[in-house]
Amino acid sequence: MDGANDRSLPLRSPKRRRVNGNLSPFRYSSPDELAGSSDHETPLTYHRRRTSSSNLRRTPTDHRRRSYERSDQDSPDELDHTTYPTFWHDKYRREDLRPPTVASRHVTPEAPSEISMLTPVQSPDYPPLSPATPLPPPPKQARYFPYKEKMVLKGHKKGVAAVRFSPTGDMIASCSADTTLRIWSTSTGKCIHTLADGHLAGISTLAWSPDGRTLASGSDDKSIRLWDTVTGKAYPLQLVGHHNYIYSIAFSPKGNMLVSGSYDEAVFLWDVRTARVMRSLPAHSDPVAGVDFTRDGTLIVSCAGDGLIRIWDTATGQCLQTLVHEDRAPVTSVRFSPNMKFVLAWTLDSCVRLWNYVEGRCVKTYQGHKNEKFSLGGAFGVYGDEAGEVGLGEKKAFTVSGSETGELLWWDVQSKVVLQRESGHEGCVLGVDTWDQGGLLVSCGLDRTVRVWERVSEADTEELAKMEDEVTIEEAVNGIVKEEDVALKMEDSDVADGLQHVDIK
């Protein structure tokens, strides 16, 4: 081919096809327009070849050959190398001029052209779908069912600092500034054990072992105690090594290691069997307020009042990543997400932030609560399946946190929308934990109480809504509702007919 005359022409816009002498109302679409699942809109790059001037005259049977090459982006049609270009000139779009490779997409002049555009091209690698094969139903949209207070557990004499469900969810452990821990029955609310005579000062944190047989507690007396949850007795060995108050502890997934954070600005990694320090991490320049393990135990996260969040390698003790927000607000609590891709952090600027620790950036910020003084905590949860059942439809994640106003707030992790705001405690809510399998949530606070919350089912939600509507209408008609709760909007012509419209604020 003559190089002087060889050049690429711009892509010609597709023309409408003539069927029986008339223009078809449907136009040919590019392969990427037919691929509904593709995010790319750039079609294959086509080039028209032109021969030298000696070959300009062509016979009517010669069709114009077109070559194409793949673009930089891989669309579904580019991966299917058997797909032939559909951009053909109308003059040469005839059955006898079609190459053999387009037989699977051949449309006779009598056939409507829209069929070829609505039906995706089948690749030899994938067998065609049978018309009789029913399509799977779309997943059921996730619906959030609110939590309501189930019971209030009383027994502590001072504020309750932390609360946790056992791994099986049948027990709840709480610790208090009254130097005691209590183990409660999740189903009945009865106090099973009162763990006393183990610490000399208030207890700030606790953690369950993975098998649920051991409970660890960290205290202001600078020690960590291990308790037998069956007998309610403390093990003889104490984990002693910190030089100041212990704020946070967490078990490894195998239960053989324990990580602790203290007011002495250090993070200790303990051997539970020997009660000895395996590794000491000079982590922060301020008191360490929170620590946590990933679900596989390979990483540790710590946070402190210096505004830093650090990710550590469990095996080597090396700091892999440091996360810091531009505001540099003190970080009071951290938790790894269940999929181990994110870290949720509570800060004293009334924010809860979700961090992508691999990329080192904050991806979500949740607001609406008040957190300016106390060290608050929270948890992740799942909604969208009724009563904790699996496989009924789409599932979404939420995060829940306490507030210094006595409220609990639920946020959708993805949209940051406040799903629910509930009051219950009198004073600051310090700790929150969830148990998704049972649809339960537990909270604690400065009011010395532990409150258990239960997710309402769909039937109960509809029944409660109906009852609320009936009560609201009855109270409004009888004049029981206070003026500040009900705004009456009546036109002059409606006065004779009585109450016409009640707007509940």
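D447 forms a salt bridge with R451, the closest N and O atoms being 3.7 Å apart, where a salt bridge is taken as a side-chain nitrogen of Lys or Arg within 4 Å of a carboxyl oxygen of Asp or Glu. Both partners are buried, D447 as well as R451; buried stands for under 20% relative accessible area, exposed for over 50%, and partly exposed for the range in between, with a 1.4 Å probe and protein chains only. The pair belongs to a network of salt bridges that links E149, D447 and R451.

This is a predicted model, in which local features need pLDDT of at least 70 and side-chain atom pairs count only at pLDDT 80 or more, while totals for chains, interfaces and linings use all residues. Residues are numbered from 1 along each chain as its sequence is written, and side-chain values use heavy atoms, with hydrogens and water left out.

## The chain as a whole

The protein chain has four helices and 34 strands; these are DSSP runs numbered from the N terminus, helices being H or I over at least four residues and strands being E over at least two. Of the 505 residues in the protein chain, 44% are buried. Among the contacts with a separation of 6 or more, 47% are between residues 24 or more positions apart, a contact being heavy atoms within 4.5 Å. The protein chain exposes about 27,700 Å², of which carbon and sulfur atoms supply 50%; the accessible areas come from the Shrake-Rupley method with a 1.4 Å probe, and for residues only the protein chains shown count as cover.

## Strand β32 and its partners

Strand β32 covers residues 449-455, and six of its seven residues are buried, so the strand is largely enclosed by the rest of the structure. Strand β5 (residues 147-154) is joined to β32 by seven bridges in an antiparallel arrangement, two strands being counted as paired if DSSP finds at least two bridges between them. Within this pairing, M151 stands opposite V452 of β32.

Strand β31 (residues 440-445) also runs antiparallel to β32, with five bridges between them, and here L441 stands opposite W453. The two strands form a hairpin with three residues between them, in which R448 takes a positive phi near 70 degrees.

## S443 in strand β31

S443 lies in strand β31 and counts as buried because its relative accessibility is 0%. Its side chain makes a polar contact of 2.8 Å with the side chain of H425, and a further polar contact of 2.9 Å joins the side chains of S443 and W453. A polar contact is a pair of N or O atoms within 3.5 Å; within protein, one must be able to donate a hydrogen and the other to accept it, and residues adjacent in sequence count only if both atoms are side-chain atoms. When residues up to four places away in sequence are not counted, S443 touches V163, L408, H425, V429, G431, V432, T449, V450, R451 and W453.

## Other salt bridges

The structure holds seven salt bridges. In one of them R335 pairs with D433, with the closest N and O atoms 3.5 Å apart. R335 lies in strand β22 (residues 331-336) and D433 in strand β30 (residues 429-435), so this pair ties together parts that are 98 residues apart in sequence. Both R335 and D433 are buried.

The side chains of R353 and D349 also meet in a salt bridge, at 3.0 Å from N to O. R353 counts as buried at 5% relative accessibility, whereas D349 is partly exposed with a relative accessible area of 25%.

## An open four-stranded sheet

Four strands, in the order β10-β11-β12-β13, form an open sheet with antiparallel pairing. β10 (203-208) and β13 (234-240) stand at the edges, each with a single partner strand, so one side of each is left without a neighbour in the sheet. Neighbouring strands of this sheet are turned by 25 degrees against each other on average, direction ignored; the axes behind this angle are lines fitted to C-alpha atoms, for helices over the stretch in contact, and angles run from 0 to 180 degrees between N-to-C directions. Strand β12 (residues 223-228) pairs with β13 in the antiparallel sense over four bridges, and S223 has V240 as its bridge partner in β13.
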